[in-house]
Amino acid sequence: MSDILIVTEHRRGEIRPVSYELIGCGADLASKTGGDLHVAVISGEVDEMAAAFNRDGVDVIHTVADGDEFNHDIYRQAIAHLVEDVDPRFVITPQSVNGMDYAPAVATDMGVPLVTDAVGISLDGEQLTVTREMYGSKVETTVAVAGERAVITIRAGEWPPIESGGSAEIEVVDIDIDESAIGSTVTGFAEMAAGDVDISEADILVSIGRGIDEEENLDIVHELANTLGATVSASRPIVDAGWLPKNRQVGQSGKTVSPDVYIAIGISGAVQHVAGMKGAKTIIAINNDSNAPIFDIADYGIVDDLFDVVPALTEALA
Amino acid sequence: MKVLVTVKEVATVEDTFEIEGTAIPERYLEYDLNEWDDYAIEEAVQLAEAHDDVEVVSVTIGPPRVEETIRIALAKGVDRAIRIWDDELADYQLLDVPAKANILAEVVAQEDPDIVFTGVQADDDAFGATGVALAATSDYQWAAVVNQFELEDDGTVSVHRELEGGIEELTEVQLPAVFTIQTGINEPRYASLRGIRMAQQKEIAEVTLADLGLDIDAIDGALEVTSMAEPETESEVTLFEGDASSTASQLVDLFDDLGVIDA
């Protein structure tokens, strides 16, 4: 019972990069428990993906061929089968939208603790400790987990991906999926409307967040963007409120952008937003909260009221 | 049809705060309706408005203080509320996901709702897991991170799940089921004056663990916060200082240096 089981992720024929980070995380833990690292590949082109997951540190790759795309009922049954077979101490999945759709059920089925959105994991003797954020990333907590086993979901981008090849054995797992226990059916996918502009093509983005307060205040941002020849984008709350269309949203559930200059105005810099813009060459932040996480990744910053700075900047540029 | 909505009051932290031990002192905290739950309430109320004979019941775990937040839900159109509290709960610094799911599952067993709406996550502890754990515990179907919801004539539900990168998954779910609701799915209403007045007449049932047939083992979670700190940052930010006209002109110089304007 010292083995680690990680559950990889794919979508529409593509492996999700977090899968390779899971291997890094799992291999590190396996080296501490002295157990083997098992990799689960469930649904889709499992043979092809198993070959890709044959990387350093992986001992066994289990393929379950049932289903094409992610379905949480198939994942739940397949993982229950593998847990029975492998008897893992820790089951690790991504804290992705799909991870959130099955990991809690796996923990419930196993009757073990669940710790989600880990940014660090340590094992000191028998004591598992997980580092995670609370209060909108304002604090980082360490959480001691009682008991021997746990299901842990990890945040993308926190563990280095494993790139080098390995020598894992591949096991084809044949399970009888209980069709009567499948209560949901994936019927397709939809992509967000392309809209009038592709923000991922812009050289300069003027991006606006919750700090703008009211829809009519967006005018000062449009004026700045016009003067600067920039494109307007936004963080999630602005799109949720319907003030800008979804195709303007930067972040995990929106677009990933890498402009020459990204000007974040009234954006706190939640991890989901940063995931979409950290590739910008130069990041400038304007925010009246000096503790806002956006200043951690910004190259230049102004700690001041955006309603003073933005009009002043437009005027200075004119 | 009955709809159960889980409603949480969350603590938000002021911009400037201190940490004492493994907690943030009360003086730096404000309490508010969890943002995701606001959208879950709206989805439930809209469902009740669109169909006949839909009762919307909310359930909250929390001390007497949270009644203020529950009244907001009632003012927005929730028909009646359940508040679960127990002196034993007050002793816990952190209720973990299985503990919350165990408590809520007893409410689901008693109320027998067709649909449960939860928020995707709570703004404070951010586990993002209670809804799905509740579904698994109660033997309900579920869909996580839903940003479009449609009750079909045949009694099934069609949802969109908001995946990463602007992709949505289209899924059909059988009832009874739990749906974890993503922000942006609807436009949460403000409580009207009439709604606030009516909320005063609505019932908030107070329920203890014993009323739910639970003892302390059901909530004795596995997690303990052992340290809390502000995240260490490796910020290399260059801050421009001065009044707005001064910082603006420094930015213009920067734009010039970066070659994005011809000054």
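**Close-up 1. Salt bridge between A:R16 and A:E9 in the predicted model.** The side chains of A:R16 and A:E9 form a salt bridge with an N to O distance of 4.0 Å; a salt bridge is defined here as a side-chain nitrogen of Lys or Arg within 4 Å of a carboxyl oxygen of Asp or Glu. A:R16 is partly exposed, with a relative accessible area of 22%, whereas A:E9 is buried at 7%. Buried denotes under 20% relative accessible area, exposed over 50%, and partly exposed in between (1.4 Å probe, protein chains only). A:E9 and A:R16 also belong to a network of salt bridges that links them with A:R11 and B:E164. The whole structure contains 35 salt bridges over all chains.

**Close-up 2. Salt bridge between A:R236 and B:E162.** The closest N and O atoms of A:R236 and B:E162 are 3.0 Å apart. This pair crosses between chains, joining A:R236 in helix α6 (residues 236–240) of chain A to B:E162 in strand β8 (residues 157–162) of chain B. Helices (H or I, at least four residues) and strands (E, at least two) are DSSP runs, numbered from the N terminus. Both A:R236 and B:E162 are buried.

**Close-up 3. Salt bridge between B:R83 and B:E206.** The N to O distance between these two side chains is 3.6 Å. Because B:R83 lies in strand β5 (residues 80–84) and B:E206 in strand β11 (residues 204–207), both of chain B, the pair ties together parts that are 123 residues apart in sequence. B:R83 counts as buried at 5% relative accessibility, while B:E206 counts as exposed at 53%.

**Close-up 4. Surroundings of helix α5 of chain B.** Helix α5 (residues 130–138) of chain B is largely enclosed by the rest of the structure, because eight of its nine residues are buried. The buried residues are B:T130, B:G131, B:V132, B:A133, B:L134, B:A135, B:A136 and B:S138. From chain A, α3 (72–86) and α4 (99–110) pack against these buried residues. From chain B, the packing elements are α4 (97–111), β6 (115–119), β7 (141–151) and β10 (177–181); contact means heavy atoms within 4.5 Å. Just after α5(B), B:D139 takes a positive phi of about 60°.

**Notes to all views.** Residues are numbered from 1 along each chain as its sequence is written, and chains are lettered from A and ligands numbered from 1 in the order in which they are written. In this predicted model, local features need pLDDT of at least 70, side-chain atom pairs count only at pLDDT 80 or more, and totals for chains, interfaces and linings use all residues, while side-chain values use heavy atoms, with hydrogens and water left out.
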